[in-house]
Amino acid sequence: MSTVSSSEIPLITSSLVLVGTLICTILVDRFGRRRLLLVSISGIISSLGLLSLLFYIGSSSAGALLALAMYIVFHSLGIGTVPWIINSEIYPTKYRTICLAVANLVYWCSKMVVQDFLFDNLGQYLSVAQMLFLFCLFSAVVGLFIHFYIPETERLHLEDVEKILLEEEKCIKMDNCPREDEEPKDVIIAR
């Protein structure tokens, strides 16, 4: 790391982000958003776990740099890009603009809270290894959320995604969802 100047570090990290984003662009429609998110979060968990371990045992900087590069690529491969795609697909057409604006606001506010307050405050009490392990645990929770709640929208038109999500919402509201082991029933609603 001592041979890399401070002006080269942003160039290296930006190049890694570009590589991950290009790979995502190529794969997102071929393999699907949900699958790409799961691959991405698995890589993030692995790289954060490895980084935490390397900082804990005080290992060489080459291993830490490789794990950090792995984190950057896996982040930009899915978690850094795919949510923006999914976010533009899941809202009803007539509410899409306002929902995207609110989602953007929530994203930037939560990023500020995590970055400015969480890092600064927890950094006073936890070591780097402990912080990285904590982020690894948070990433595992995100992975569970993706696994259980993120729908696959691969090869679907925006209108089809809207119909599917509205049908799932009706199913949940009516508490009449078909179980995996039974055939869906036709529901007649009396007015």
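Author: Here's a quick chat about the annotated regions, a surface patch and some aromatic rings. Keep in mind that this is a predicted model.

Reader: Okay, where does UniProt put the feature "transmembrane region"?

Author: The unreviewed UniProt entry places it at residues 12-29, 36-58, 64-86, 98-119 and 131-150.

Reader: And how much of residues 12-29 is helix?

Author: That stretch is 100% helix and 0% strand, with its end C-alpha atoms 27 Å apart. Residues 131-150 come out at 95% helix and 0% strand, and there the end C-alpha atoms are 27 Å apart.

Reader: Switching to the surface: which residues form a nonpolar patch there?

Author: L50, L53, Y56 and I57 do, and together they have about 440 Å² of accessible area. One of them, L53, belongs to helix α2, which covers residues 33-57.

Reader: How far apart are F135 and F138 along helix α6?

Author: They're three residues apart in that helix (residues 128-149), so about one helical turn separates them.

Reader: Is F135 buried or exposed?

Author: F135 is buried, because its relative accessibility is 18%. F138, at 42%, is partly exposed.

Reader: Last one: which residues form an aromatic cluster?

Author: W84, Y107 and W108 form one.

Definitions and conventions:
Residues are numbered from 1 along each chain as its sequence is written. This is a predicted model: local features need pLDDT of at least 70, side-chain atom pairs count only at pLDDT 80 or more; totals for chains, interfaces and linings use all residues. Side-chain values use heavy atoms; hydrogens and water are left out. UniProt positions are given in the numbering used here, feature names are shortened, and annotations may be inferred rather than shown by experiment. Helices (H or I, at least four residues) and strands (E, at least two) are DSSP runs, numbered from the N terminus. Patches are made of residues with over 30% relative accessible area and no salt bridge: like charges are joined within 9 Å, nonpolar side chains (Val, Leu, Ile, Met, Phe, Trp, Tyr) within 5 Å. Accessible areas come from the Shrake-Rupley method with a 1.4 Å probe; for residues, only the protein chains shown count as cover. A salt bridge is a side-chain nitrogen of Lys or Arg within 4 Å of a carboxyl oxygen of Asp or Glu. Buried means under 20% relative accessible area, exposed over 50%, partly exposed in between (1.4 Å probe, protein chains only). Rings of Phe, Tyr and Trp (its six-membered ring) pair if their centres lie within 6.5 Å; planes under 30 degrees apart count as stacked, over 60 as edge-to-face and the rest as tilted.
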